Amino acid sequence: LATAQDRLVEKDFANSVGAATAPYAAIDSLEDLKDAMAGIGPRAVLKTRRLGYDGKGQVMLDQGADLEQAWQALGGAPSILEGYIPFDSEISVIAARGLDGTIGTYPAIANQHKHHILDRSEVPADLPADQARRAIAMATDLAAALDYVGVLAVEMFVVGDELLVNEIAPRVHNSGHWSIEGAVTSQFEQHIRAICGLPLGNMALRGRVEMRNLIGDDVAQVPALLAEPGAHVHLYGKTEVRTGRKMGHVTRMLRDDGAA
């Protein structure tokens with residue numbers, strides 16, 4: 001947890017086990033930010049080292065940006081500057097590691113975001129076989145190096161043939177909620193198996209799967225979704241609807257042509 005809760009420590013750790021990341025620099029002052037932008041810019045993202053999620057605690061910067069204003073916007077908190085990556089796609093790999101060191105993974109998951117919030121996940125991701133294997137190997141290596149027990153997600157950018165680690169999430173992950181219907185063993189059951197010292201379950205897919213988050217007013221679609229054959233609707237019991245708030249998700253099993 002100490003590694004994953006601090007973006008700088010996390011990036012240093014990923015690099016130490018051979019996992020590539022975007023270029024980055026520690027930022028503890030406005031002068032640090034100016035120096036780092038000169039080396040990493042002209043486009044970069046300034047993020048607080050801790051407590052940021054779903055686009056919170058970060059500021060996009062480009063050439064001519066007001067660096068002092070950006071630094072003040074994050075309250076002068078210890079931060080990290082990351083080079084902007086013009087990625088082709090975003091994926092995640094969810095791994096589970098048991099008390100005995102056994103590791104299993106789901107296939108790589110293709111993710112699409114809107115306004116920095118996960119909107120849609122599809123599995124398996126459409127990747128060349130070798131790249132998919134490397135993504136799984138990367139997640140496996142990170143889980144083993146952390147001596148982690150439980151379910152862990154590794155978010156990655158796909159840039160041509162290259163894979164860059166973006167974030168490590170030591171928990172069941174939004175991009176794996178489809179596994180309730182879409183895998184033999186869900187990520188939630190797998191996490192309990194792992195931490196209780198039980199054998200890991202079968203992580204094979206039941207077929208191609210799509211999951212869409214119900215964000216904010218999307219929750220109004222629930223009556224129509226409940227009437228849709230094959231749509232598996234999950235609501236999170238949140239009574240207040242807010243813009244950008246995850247209210248639930250819907251999972252569909254897909255045919256080979258992509259239709260539900």
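The model is predicted, so local features need pLDDT of at least 70 and side-chain atom pairs count only at pLDDT 80 or more, while totals for chains, interfaces and linings use all residues. Residues are numbered from 1 along each chain as its sequence is written, and side-chain values use heavy atoms, with hydrogens and water left out.

In soluble globular proteins, nonpolar side chains tend to be buried together. Here the largest nonpolar core has 20 residues, and those with the most contacts inside it are Ile91, Met138, Leu142, Val154, Met156 and Val165. At least two residues of this core come from each of helix 1 (7–16), strand 5 (89–97), helix 4 (129–145), strand 9 (150–159) and strand 10 (162–169). A nonpolar core is a set of buried Ala, Val, Leu, Ile, Met, Phe, Trp, Tyr and Cys residues joined through side-chain atoms within 4.5 Å. Buried means under 20% relative accessible area, exposed over 50% and partly exposed in between (1.4 Å probe, protein chains only). Helices (H or I, at least four residues) and strands (E, at least two) are DSSP runs, numbered from the N terminus.

**Helix 2.** Along helix 2 (residues 30–40), the buried residues are Leu30, Leu33, Ala36, Met37 and Ile40. These buried residues fall within an arc of 120° seen down the helix axis, so they line one face of the helix; the arc is that of the directions from the helix axis to the C-beta atoms. Asp35, Ala38 and Gly39 are exposed on the other side. The cover over the buried residues includes strand 1 (24–27), strand 2 (44–48) and helix 3 (67–73).

Threonine 251 belongs to strand 13 (residues 246–254), whereas serine 186 sits in the loop between helix 5 (179–182) and helix 6 (187–195). Contact means heavy atoms within 4.5 Å, and the table leaves out neighbours up to four places away in sequence.

| Residue | Relative accessible area | Contacts |
|---|---|---|
| Threonine 251 | 0% | Trp178, Glu181, Val209, Glu210, Met211, Gly230, Ala231, His232 |
| Serine 186 | 13% | Tyr106, Ser179, Ile180 |

**A pocket lining.** By class, three nonpolar, four polar and five charged residues line the second largest pocket. Among them are Lys114, His115, Asp217 and Arg242. A pocket is an open set of points on a 1 Å grid over the protein atoms alone, where a 1.4 Å probe fits, with protein on both sides within 12 Å along at least five of seven lines; lining residues have an atom within 4 Å of a point. Ala, Val, Leu, Ile, Met, Phe, Trp, Tyr, Cys and Pro count as nonpolar, Asp, Glu, Lys and Arg as charged, and the others, Gly among them, as polar.
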